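Have a look at the structure first, and then we can go through it together.

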Amino acid sequence: MEKGVRGTGVKGWSARLARVAALCSIASFGLASGCASSSESARSDAVTSNVGRYDAPPTAAAKPRVGVPPFNVKTGEGFGGGGTDLNDLAADQMTTLMDATDRFRVIERAQLEQLLKEQNLEGIVKPGEMAKSAQVRGVDYLLLGRVTNLRMKREETSRGFGLGQVGGLVQLGGADAKKKDIVITTEAGVDIRLVDPTTGEVVMSSFSEYKKTDAAGAFGLDILGASAEADAKIEIDEDDKGKILRLALDDALRKSLPKLDRFLTSGRVRQETTATAPPAAAIPAAAAVAPAAAAPAVKPAAAKAFCANCGKELVAGAKFCASCGTKTE
């Protein structure tokens with residue numbers, strides 16, 4: 001009887017130790033997942049921390065007025081389907097980034113559209129290209145942009161353990177709990193051009209390719225349907241699409257700053273000016289006094305006449321000489 005009791009006790013303790021080991025494994029898995037999440041959040045902050053932060057412009061740089069019409073955005077994997085108009089979204093984001101460079105007086109997009117409408121010039125700009133040249137009052141330059149092959153590719157691996165393999169000591173509906181490592185590669189080509197709208201001349205152009213590979217969490221992205229297999233189509237929400245687009249635009253603008261600075265300090269910058277008459281109060285008092293009336297012209301004195309007979313001076317207008325009586329001519 002004693003042996004049986006002792007045996008039963010040993011088996012009971014063995015079972016308990018197995019359960020404790022399983023629970024410790026689950027706990028360590030959860031802690032590891034939490035650490036990874038914190039690390040990815042920190043990297044996400046680092047990815048976006050410098051967006052919109054640029055070196056100061058040169059001291060001698062001109063500061064022209066710039067408007068940003070809709071971009072031309074071509075998308076690929078991960079950006080398909082409907083949703084936000086990426087052409088307008090790209091232009092809105094570039095307007096904000098251009099203002100952050102402190103190199104331009106940036107015209108709000110709503111104001112630019114109103115200017116074009118008031119001047120009957122709505123057709124001069126197509127997304128990403130000038131349709132025709134025109135004098136756009138209130139704007140010195142237009143920044144035209146094109147984004148090509150904006151896409152995301154996904155790789156997915158897994159590591160961890162299956163709870164179904166713990167010998168049935170812990171049952172969670174037979175689920176296989178694994179840590180997913182979703183690696184994202186984002187790509188885009190960004191072409192930007194600074195154009196004089198009066199002539200259509202491209203005064204600065206820059207093309208850059210943006211590519212970055214990192215964990216989805218490091219980008220700060222929420223992958224929709226993250227439990228899908230590695231070959232499943234990637235899906236992100238509209239806010240995250242905007243985040244990826246902003247990273248690509250920021251990268252392109254940052255790379256173009258040396259060219260922009262050379263142009264802005266070249267002395268060739270066109271800046272529209274409006275000539276207006278000075279107000280009356282600005283006219284000096286001396287200039288406001290009316291000029292004095294001109295003196296009347298003085299008639300030249302009549303020439304003296306002499307008598308042909310006696311040589312005496314004739315009285316002006318006399319028909320006969322007062323000395324000898326000879327008739328004057």
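Asp240 touches Gly220, Leu221 and Asp222, leaving aside residues up to four places away in sequence (contact means heavy atoms within 4.5 Å). Asp240 sits in helix H5 (residues 238-264); helices are DSSP runs of H or I with at least four residues, strands are E runs of at least two, and both are numbered from the N terminus. Asp240 is buried yet has no salt bridge, and the nearest side chain of opposite charge, Lys243, is 4.0 Å away. Lys and Arg count as positive and Asp and Glu as negative, while His and the chain ends are not counted. Buried means under 20% relative accessible area, exposed over 50%, and partly exposed in between (1.4 Å probe, protein chains only).

This is a predicted model, in which local features need pLDDT of at least 70 and side-chain atom pairs count only at pLDDT 80 or more, while totals for chains, interfaces and linings use all residues. Residues are numbered from 1 along each chain as its sequence is written, and side-chain values use heavy atoms, without hydrogens and water.

The structure holds 13 salt bridges, each a side-chain nitrogen of Lys or Arg within 4 Å of a carboxyl oxygen of Asp or Glu. Among them are these:

| Pair | N to O distance |
|---|---|
| Arg65 and Asp140 | 3.5 Å |
| Arg151 and Glu187 | 2.9 Å |
| Lys211 and Glu187 | 3.9 Å |

Glu187 is buried at 13% relative accessible area, whereas Lys211 is exposed at 56%. Salt bridges that share partners also join Asp88, Asp92, Arg109 and Glu113 into one network.
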